[in-house]
Amino acid sequence: MKSLAIITYNHFHLKTEQILNNLLIDNIFKITLFALPFKTRKKKEYIFLHRPDQNQGIKVEDFRSKKINFFNFKNSSQLDGFDFIIITGAGILDKEIIGNKKIINVHPGIIPTTRGLDSFKWAIYNLDPLGITLHYIDQRVDSGEVLRVFNTPVYLSDTLQTLARRHYENEIYILSNFHKYLKKVNYKNFKEKNAYMRMSLEKEKTLEEKFKKYKEKFCK
């Protein structure tokens, strides 16, 4: 049985819960959770919530069991010797943590076009393709060697809410099944853009109108 290290927040975290549940169903990895300290962020105002509230998940430390080891993260040497390392929740990792380790992440945008925060919203706003990127992390934000890009399909009957749900579900599925996609394949090169910050309320107010144009462009 291969060993898998999962880096996540030491907090309530829905994404970690969902991915762990999928991994336990397959039961092909010996799993160890490494929990990073969680810093409370200033609550952000938004018009449209494009991802589920991660506080809906249970406490990460509650996953400690006979099947799952749990440690608070202290230093990068804890990650030595694992067959695979994935991230289910973390900010930008320190250089010392990354080192020369192959750490796998899934980003809810197409790298390098849609990087940073609110990737779903920015793809709609900029009329860019919407997709999920499985990649190895490096020192830059949402960068590193790309393993695979998965486009999120868009349908004529979609609303922003239905498309956001499908996009998030794809993110969970892909990271839960990362081991199936480790063989790098050729993919279309996308134009690199700077990493985005959170979308302002002023821009978010225009998303419904932008989405009409988005569907005209991507519903073929």
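This report describes the fold, the charged pairs and several individual residues of a predicted model.

## Overall fold

The protein contains six helices and seven strands. Read from the N terminus, the order of these elements is β-α-β-β-β-α-β-α-β-β-α-α-α. Among contacts between residues at least 6 apart in sequence, 78% join residues at least 24 apart.

Along the principal axes, the C-alpha atoms fill a box of roughly 50 × 40 × 35 Å. Buried residues make up 48% of the 220. The accessible surface is about 12200 Å², and carbon and sulfur atoms account for 51% of that area.

## Charges and salt bridges

The protein carries 38 positive and 24 negative side chains. The centres of these two sets lie 2 Å apart. Side chains of opposite charge can pair when their charged atoms come close. The number of salt bridges in the model is 10.

One of them is formed by the side chains of K15 and E171, with an N to O distance of 2.8 Å. This pair links distant parts of the chain: K15 belongs to helix α1 (residues 14-26) and E171 to helix α4 (residues 160-176), 156 residues apart. Both K15 and E171 are buried. A second pair, E204 and K121, meets at 3.1 Å, N to O. Here too the bridge links distant parts of the chain, with E204 in helix α5 (residues 201-204) and K121 in helix α3 (residues 119-125), 83 residues apart. Both E204 and K121 are buried.

The salt bridge between K212 and E209 has an N to O distance of 2.9 Å. Both residues lie in helix α6 (residues 207-218), three residues apart, or about one turn of the helix. K212 is partly exposed, because its relative accessible area is 48%, between the limits of 20% and 50%. Salt bridges that share partners also join K15, R51 and E171 into one network.

## Buried positions in strands and a loop

S3 lies in strand β1 (residues 2-9). Its relative accessible area is 16%, so S3 is buried; the cut-off for buried is under 20%. Residues up to four places away in sequence aside, S3 touches K30, G81, F82, D83 and F84.

V106 sits in strand β5 (residues 103-107) and is buried, at 3% relative accessibility. Beyond its neighbours within four places in sequence, V106 is in contact with K15, I132, T133, L134, E171, I174 and L175. Among these contacts are K15 and E171, the two partners of the 2.8 Å salt bridge.

V60 is in the loop between β2 (29-36) and β3 (68-72). With 0% relative accessibility, V60 counts as buried. Its contacts, leaving aside neighbours within four places in sequence, are T8, Y9, H11, H13, T16, L33 and F70. V60 and L201 are 141 residues apart in sequence, and their C-alpha atoms are 32 Å apart.

## Backbone features in loops

Most residues other than glycine have a negative phi, and most peptide bonds are trans. The model has a cis peptide bond between I111 and P112, with omega about 10 degrees. P112 is located in the loop between β5 and α3.

D118 lies in the loop between β5 and α3 as well. Phi of D118 is positive, near 55 degrees, in a residue other than glycine. D118 is buried, with a relative accessible area of 5%.

N27, in the loop between α1 and β2, also has a positive phi near 55 degrees. Its relative accessible area is 41%, so N27 is partly exposed.

Terms used: Residues are numbered from 1 along each chain as its sequence is written. This is a predicted model: local features need pLDDT of at least 70, side-chain atom pairs count only at pLDDT 80 or more; totals for chains, interfaces and linings use all residues. Side-chain values use heavy atoms; hydrogens and water are left out. Helices (H or I, at least four residues) and strands (E, at least two) are DSSP runs, numbered from the N terminus. Buried means under 20% relative accessible area, exposed over 50%, partly exposed in between (1.4 Å probe, protein chains only). Contact means heavy atoms within 4.5 Å. Accessible areas come from the Shrake-Rupley method with a 1.4 Å probe; for residues, only the protein chains shown count as cover. Lys and Arg count as positive and Asp and Glu as negative; His and the chain ends are not counted. The place of a charge is taken as NZ of Lys, CZ of Arg, CG of Asp or CD of Glu. A salt bridge is a side-chain nitrogen of Lys or Arg within 4 Å of a carboxyl oxygen of Asp or Glu.
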